[in-house]
Amino acid sequence: MKRLNWFLVLLLLWANGSVHAASTLDELVSKVRREAAKDIRFDQERERVFIQERDRQQAKLNKLRNELAVADQKAEKLRSSFQENENKLAEMDGQIASQAGELNELFAMVQQNAAEIGSLLDRSMISAQYRDRGEFLNKIIQRESAVSMETLQSLWLVLIDEMHETGKVTRFTGPVITLDGEEKQQTVTRIGAFNAVSEGKFLRFLPDGHKLVELARQPAPRHQRMAFELEQAQDGWRMMAVDPSKGAILALLVESPDLIERINQSGAIGYLILAIGVAGFLIVLWRGAVLSMAWLRIKGQLLKEENLDNNPLGRLRNSIVSVQARSSEILAARLDEVVGQESSRLFFGLTALTVFAAVTPLMGLLGTVIGMIETFQSISLFGTGDPKLMAGGISYALVTTQLGLAVAIPLLLLQSFLHAQANRIVEMLDQQSTRLFEQHETSLPES
């Protein structure tokens with residue numbers, strides 16, 4: 001019985017910690033029943049709240065399911081409508097493509113023409129004065145939609161402006177790159193799209209930066225004088241050298257070698273030909289001066305009675321005076337001897353000119369052979385794909401031949417002239433010797 005009481009007490013304490021110890025067992029049982037009834041009511045209330053919450057959540061779930069079903073139906077309708085619209089758009093795109101085929105071809109042609117016009121403007125010297133005139137062409141090229149009528153008009157308007165500026169001579173201030181690499185603002189005179197000059201110097205157009213640069217090698221001085229006079233002119237007509245290739249010929253002028261570079265291309269044979277030519281022309285000057293002086297002194301001796309030793313005729317006369325023999329054979333031999341000596345003096349050096357005139361073309365031919373050998377070696381090693389590889393040998397061959405002929409022809413002509421002059425003096429000496437012989441023949445006593 002005690003064990004049962006203690007069990008009930010512990011059960012009561014477990015069920016409700018707020019239950020205090022009762023004085024009697026009945027009171028304790030009554031309290032336990034009251035607490036148990038409270039727990040049952042509490043559990044029933046919790047169960048009722050849970051059921052209400054479950055029903056409320058179920059109602060929400062049903063509502064959401066209904067909304068989902070409605071949304072699925074609407075989405076299905078939208079999908080079908082979207083597919084119908086896609087089909088309609090595809091059909092309309094096909095119709096647009098078929099109907100706008102000519103317009104697309106026109107637009108592609110406009111873009112192509114805009115690119116060609118832009119390239120033309122970039123290479124035109126007029127762009128040095130009007131740098132931004134082709135900006136709208138880049139926009140046309142980059143566009144993906146059709147162009148307007150105003151854009152089409154701007155294309156032919158810019159071509160008309162180009163043609164109009166090509167026929168004008170105008171002045172403007174712009175950047176000019178000098179030979180020192182410095183960029184200066186100078187007054188430029190532009191002759192259409194052909195030439196540009198500044199301060200009497202011809203300029204070359206750089207398409208990359210739309211700038212002008214001085215030519216490293218200017219044309220002939222007379223052309224520069226024309227350019228300077230054109231810059232100074234205010235009105236009227238002026239003569240001017242125009243490059244019809246729009247700068248290509250002037251650009252090639254920089255690359256063309258001058259006389260010194262041509263001679264350097266000829267190598268050792270060219271130098272030797274020039275040395276022979278210089279020696280030959282020095283001989284020509286020397287012998288020309290000697291023959292001219294001899295001719296003038298002979299002319300003077302003809303007018304004098306006194307015989308001078310500074311000319312061939314005077315020495316010829318003195319040689320007769322020194323002859324003491326009276327026989328005509330000895331006199332004739334003496335005259336022939338003196339004329340022969342004077343002839344040797346007069347023709348001295350002319351044989352060397354003949355040899356030089358004959359040797360220099362042969363040396364030029366030798367240079368031609370050497371240059372052709374180098375050319376064929378280049379062809380055998382590198383083929384004929386790059387002509388620049390053969391240019392060295394061809395230049396060597398042609399320049400040596402040119403130098404050989406350029407030296408030989410004047411030397412041959414000058415040698416012929418000097419030879420004729422010497423022959424004239426010798427003929428005069430022969431005539432004078434014959435006259436002297438006749439005079440001495442008449443003066444000899446008859447045997």
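## Ground rules

Helices (H or I, at least four residues) and strands (E, at least two) are DSSP runs, numbered from the N terminus. The model is predicted, so local features need pLDDT of at least 70, side-chain atom pairs count only at pLDDT 80 or more, and totals for chains, interfaces and linings use all residues. Residues are numbered from 1 along each chain as its sequence is written, and side-chain values use heavy atoms, with hydrogens and water left out.

A salt bridge is a side-chain nitrogen of Lys or Arg within 4 Å of a carboxyl oxygen of Asp or Glu. The count by this rule is 11 salt bridges.

One of them joins the side chains of Glu53 and Arg56, at 1.8 Å from N to O. Both residues belong to helix H2 (residues 25–99). They sit 3 residues apart, about one turn of the helix. How accessible is Glu53? Its relative accessibility is 30%, so Glu53 counts as partly exposed. Arg56, with a relative accessible area of 41%, is partly exposed too. The cut-offs are these: buried means under 20% relative accessible area, exposed over 50%, and partly exposed in between (1.4 Å probe, protein chains only).

## Salt bridges between distant parts

Glu165 and Arg190 also form a salt bridge, at 2.8 Å from N to O. This pair links distant parts of the chain. Glu165 is in helix H5 (residues 149–166), Arg190 is in strand S2 (residues 183–191), and they are 25 residues apart. Both Glu165 and Arg190 are buried.

Lys201 and Glu214 meet in a salt bridge at 3.9 Å, N to O. Again the pair links distant parts of the chain. Lys201 lies in strand S4 (residues 201–206) and Glu214 in strand S5 (residues 211–214), 13 residues apart. Lys201 has 34% relative accessibility, so Lys201 counts as partly exposed. Glu214 has a relative accessible area of 7%, so Glu214 is buried. Elsewhere, salt bridges that share partners join Glu165, Lys168 and Arg190 into one network.

## A nonpolar patch on the surface

Which residues form a nonpolar patch on the surface? They are Leu120, Trp156, Leu157, Leu159, Ile160 and Met163. Together they have about 540 Å² of accessible area. Accessible areas come from the Shrake-Rupley method with a 1.4 Å probe; for residues, only the protein chains shown count as cover. Patch residues have over 30% relative accessible area and no salt bridge; like charges are joined within 9 Å, and nonpolar side chains (Val, Leu, Ile, Met, Phe, Trp, Tyr) within 5 Å.

Helix H5 gives the largest share of the patch, 5 residues. Met163 lies in H5. At 58% relative accessibility, Met163 is exposed.

Strand S3 (residues 195–198) is covered on both faces. Asn195 and Val197 are buried on one side, and Ala196 and Ser198 are buried on the other.

Two strands pair if DSSP finds at least two bridges between them. S2 and S3 pair in the antiparallel sense over 3 bridges. Here Ile191 stands opposite Asn195 in S3. The hairpin of S2 and S3 has 3 residues between the strands, and Gly192 takes a positive phi near 60°.

S3 and S4 are antiparallel partners as well, over 2 bridges. Ser198 stands opposite Lys201 in S4. In the hairpin of S3 and S4, 2 residues lie between the strands, and Glu199 takes a positive phi near 55°.
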